[in-house]
Structures are given as structure tokens and as C-alpha cells.
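Colleague: Hi! Could you walk me through how some of the helices sit together here?
Modeller: Happy to, let's look.

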Amino acid sequence: MTKTRKVIAAAIVILALIIATCYWQIRQFAASPLAISQETIFTLPAGTGRVALEAQLVRDKIVPQTLWFGALLKLQPELAKFKAGTYRLTQGMTVREMLALLASGKEAQFPIRFVEGTRLQEWLTAMRAAPYIKHTLADDQFATLAQALELENPDAIEGWFYPDTYLYTANTTDIALLKRAHQRMTALVDSVWQGKVADLPYKTPDELLTMASIIEKETAVNDERSKVASVFINRLRLGMRLQTDPTVIYGMGEKYNGSLTRKDLETPTAYNTYTISGLPPGPIAMPGKASLEAAAHPLKTSYLYFVADGKGGHTFTTNLASHNRAVAVYRQALKEKNEQ
């Protein structure tokens, strides 16, 4: 072998070693974990290219400054097809896994929980505080929301949103979330209305929903819901006032300070069922499915009264004398508890 050939052969060997070393370094970099010690939310703006992505990752201390980032994207071009969005990066995730996630477009999802028995105003407040929601409502007035959802009556939207945990991606609008909840509740109420037992004192689905909202506020015990429903159904049929405290509280609005007085019970409002006959003009909260089913399928009982039993449930009675005794037992139990 001539000297020239030996030089060429040596150069080829050196080049092969360099290529192999670079390839190994790229693979090592791709398999290395991100430089994060906890879950990190990363937002990739639209129009970001390879160089800008690397600069942002380095700036956010997610990956170190290295020669191998650009080389990895050239070696595996499928990882360079990243999409704009907000992503959840987890501790231990590798650089390759991160790039695959950015290329997949599977954005991070965030939960927001709307609890049974809460009011629409509370939902709107919770949404204002939730991260990554795009707020399009000018304010939290029911009229503003009704207009955005194209609903005719802004005074009749309380209760018409299904309570649940909703997942959303960054920049989901407040209206989009509320529309999902409204559509679910509308479909559920329609289904329950179609399957309700006969001869209930409801003229419209809204009245069924109103009853369900009262049941939701009166008890959190599943086994009691249909009993509570029976009490109110019996009262409606007899022409007795419902006399349920949650309606008084709702009618008081911001005047309610955490306790009810006799004066509160005697002060008329559109919702005070101590002063009005029949159902209030609309729901007082967002009921869950169990309360809707109870309103549509109440137990057949003779109960006309119920009061808390001090143990998380209620005592149900058929006459005022028995009710008064149950109230006395509850007050005594409450007194003993407070003295402990």
C-alpha cells in the first residue's frame, strides 16, 4: 500500500470514528433526561422554528446549551415537526420523548371542578381564577353569559349547567367550557323529564330542575334524596309552602352572612318559600344527576317534615308534633356537641 493510500485509509478511519462519536453523542443527548426537577408546563408559540425552539428550551433551563440539539432534529426529522401549544413536561422525560410530545400535538389538559350544589356565580368566579382559560366574557353578569350562549332569558340560566370535572387545553374559552356544561345539563334534564313518573306537580322541565336544585342543597346523602323529594311533593300537592332554608339564602343574595334569622325567614323575596307558595321561580344551584332522578322519582311517603339529626342525615316525620320533637332532639344534640 502506497503512502498516499495509507493516509487516505487513516483519514477514512478517523472520519468514521468522528461520525460514530457524533452519532453516539446525539443518541446520548436524545436519551438524556430534561433538566427539570418537577412537572413543567411549556408553551410553544405558533411559528417557532428549530433555532427558536432550542433557544427557548435553553432559556427556560429545560435542556442545556449543546451542539447536539440541531443535529438530533436533522438525524430524526420526524421530531422536528413540532406543533404550537401548551405541553406538560414531566420529571424524567427524555429529550427525544419531549420532542415526540411536541410533534404529537397532545397538549396538556387542565381540570376544573364544578361541584354539585354550587351556583353559577361561583362557577364564573372559579373560572376567573383557573389557569390557561381564555376569558372572553366582559363580566360575570348573567345577561352577558346568556347573550354569549344565545339563551333567551338571562334570569333562567341558573341550574342549567351540569356539575362535573371538565378537562380543557390552554386557551380554551370560558364560553366553550360553559357551553359544554350547558349542553350536558340540557340533554340530561330532557332525558329525566321523559322518564319521570306520572302525575308529578311539575309543568315544565325547568320546574323539575328547580326541585332537583332544592333537593341538592338539602341533603348530600344519596339514600335521602328521594325522601326529601317526597316531602316537597307532598307539600305541593297539599298546598303547603315548601319552607326550605336554601331558597331563603338564595333569595338573600349577598345579604346572607352565614346564618338565618327569623326576620330573614319572614322577609319576602321571589325565592323565599316561607313567604311564597309553590316552587321558586327557578333553580337555586346546579343539581347532580342523583337529585334530578330523585325529583323525577320521589318515594311514595306521607312525610311532610324533616330536620337534621345531628349525625349527617335527617329525621323525617308526618306531622307537626313529631317534627317538633325531632327538632328538640336535634337542638339538644347540637347543644351537647358544642359543650364538649
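**Helix packing**

Modeller: Met185, Leu188, Val189 and Val192 in α7 meet Lys289, Leu292, Glu293 and Ala296 in α12, where contact means heavy atoms within 4.5 Å. By class, that contact of α7 with α12 has six nonpolar, no polar and two charged residues (Ala, Val, Leu, Ile, Met, Phe, Trp, Tyr, Cys and Pro count as nonpolar, Asp, Glu, Lys and Arg as charged, and the others, Gly among them, as polar). This is a predicted model, with local features needing pLDDT of at least 70 and side-chain atom pairs pLDDT 80 or more, while totals for chains, interfaces and linings use all residues. Residues are numbered from 1 along each chain as its sequence is written, and side-chain values use heavy atoms, leaving out hydrogens and water.

Colleague: At what angle do α7 and α12 pack?
Modeller: Helix α7 (residues 174–195) and helix α12 (residues 289–296) pack at about 25 degrees, their axes 10 Å apart. Therefore α7 is roughly parallel to α12 (angles under 35 degrees count as roughly parallel, over 145 as roughly antiparallel, 65 to 115 as roughly perpendicular and the rest as oblique). Helices are DSSP runs of H or I, at least four residues, and axes are lines fitted to C-alpha atoms over the stretch in contact, with angles from 0 to 180 degrees between N-to-C directions.

Colleague: Switching topic, what about α2 and α3: at what angle do they pack?
Modeller: Helix α2 (residues 50–59) and helix α3 (residues 68–75) pack at about 135 degrees, with axes 10 Å apart. That makes α2 oblique to α3.

Colleague: Which residues make the contact?
Modeller: Arg50, Leu53, Glu54 and Leu57 of α2, with Phe69, Gly70, Leu73 and Lys74 of α3.

Note on methods: Helix = DSSP H or I, 4+ residues; strand = E, 2+ residues; numbered from the N terminus.
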